[in-house]
Amino acid sequence: MPVTTPHQGSSWQKKAKFQKLMFILMAITPAFGGYVLFTLYPNILSIYYSVLDWNGIGQKTYVGLLNFKNMFQDYYVWRALWHNILFMITIPPLVIFISLILAYVLTNKSYKGSSILKVVFFFPNVLSTVAVSLLWAFIYDGTFGLLNAGLRLIGLDVGNFYWLGEKSTALWATIPPSVWGLVGFYFVIFLNAMATIPKSLYEAATLEGANHMNKLFSITIPLITPIIRVAALFLMLGVFKGFENILILTNGGPSGSTDVIGLYMFNIAFGSGSHNYGYASAIGMFLFVIMVGAKLVIDKFTANKSSEY
């Protein structure tokens, strides 16, 4: 029977440690490299560009904090920021509320077609933002839109009213597409979270005379509060920085009534009438600070408390 000497054992351990280290490096290098190349490096460059006057091609000119001074004096920045705040306080609560109700109903009530309903509710999330926005642009169309046709069927003839072409309705009309496109994802998250709650808790509540409203607010929501908290955080930050659906639906119009800060920054950098990378980068830094501050405020006022069963 071969005998392993201490020297051979030490050599084998070093080889095993080396192989483990190489495996870890090979596993994390692609992801970390992608993060550095496509996230960290561009963000660092944005800090550098924010103190320059540069159109992306020509000579760079150092201007110090002038871009930030101009930004704080820019009326359009504050108008766009107000629209972001409006979306942040309307879209996440609607998405969470609808997702919770749908998930609770399918979890606690038996429907023959529940599997089909799950697919139907999740379907909007399968579609790209472009597809969702184009679909709703057709729904809001004044001449051939489904919304005007549906209103005519119930006796409300609004003529050829273009919902996305009027200042009074354009901003509010962009909210339903966002909610409809986001509900499916969070519906699945809440559905899986509710599936982990023991049925015995609901059975005991039923014996005590609790209705579905009592069960939802006394059992379901307290037990999945950490999930709801994380969902709310991602929703609020995602809605605050997103602009793709606005770009496709209205491009910030009419007359800037639906402009958001991300879209304004995009148009400053890549729009047909402006290519000011420095000013756009300054706006990006401002947006970053706001999002970090929003994250800290959310963490402070939504303590990470969980219930146990």
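**Notes on the predicted model**

1. Among contacts (heavy atoms within 4.5 Å) in the protein chain between residues at least 6 apart in sequence, 66% join residues at least 24 apart.

2. This is a predicted model, in which local features need pLDDT of at least 70 and side-chain atom pairs count only at pLDDT 80 or more, while totals for chains, interfaces and linings use all residues. Residues are numbered from 1 along each chain as its sequence is written, and side-chain values use heavy atoms, with hydrogens and water left out.

3. The protein chain has 14 helices and two strands; these are DSSP runs, with helices (H or I) of at least four residues and strands (E) of at least two, numbered from the N terminus. The protein chain is more spread out than a compact globule, because its radius of gyration is 26 Å, well over the 19 Å from the globule rule for 309 residues. That radius is taken over C-alpha atoms, and the rule is 2.2 Å times the number of residues to the power 0.38. Along the principal axes, the C-alpha atoms fill a box of roughly 95 × 75 × 35 Å.

4. Of the 309 residues, 36% count as buried. Buried means under 20% relative accessible area, exposed over 50%, and partly exposed in between, with a 1.4 Å probe and protein chains only.

5. The largest nonpolar core has 35 residues, of which Phe87 and Phe190 touch the most other members. Such a core is a set of buried Ala, Val, Leu, Ile, Met, Phe, Trp, Tyr and Cys residues joined through side-chain atoms within 4.5 Å. Helices H3 (75-108), H8 (175-195), H9 (199-207), H10 (212-223) and H11 (225-241) each supply at least two residues of this core. A second, separate core of 23 residues includes Phe240, Ile261, Tyr264 and Ile283.

6. Leaving out residues up to four places away in sequence, Phe87 touches Pro92, Leu171, Thr174, Ile175, Val239, Ile246 and Val260.

7. The loop between H12 and H13 holds Asn251, Pro254 and Ser255. A cis peptide bond joins Gly253 and Pro254, with omega about -5°. Asn251, although not a glycine, has a positive phi of about 55°; phi of Ser255 is also positive, near 55°. Asn251 is partly exposed at 42% relative accessibility, and Ser255 is exposed at 56%.

8. Ser257 is found in the loop between helix H12 (244-249) and helix H13 (261-270). Is Ser257 buried or exposed? Ser257 is buried, with a relative accessible area of 14%. Beyond its neighbours within four places in sequence, Ser257 is in contact with His83, Lys167, Ala170, Leu171 and Gly252.
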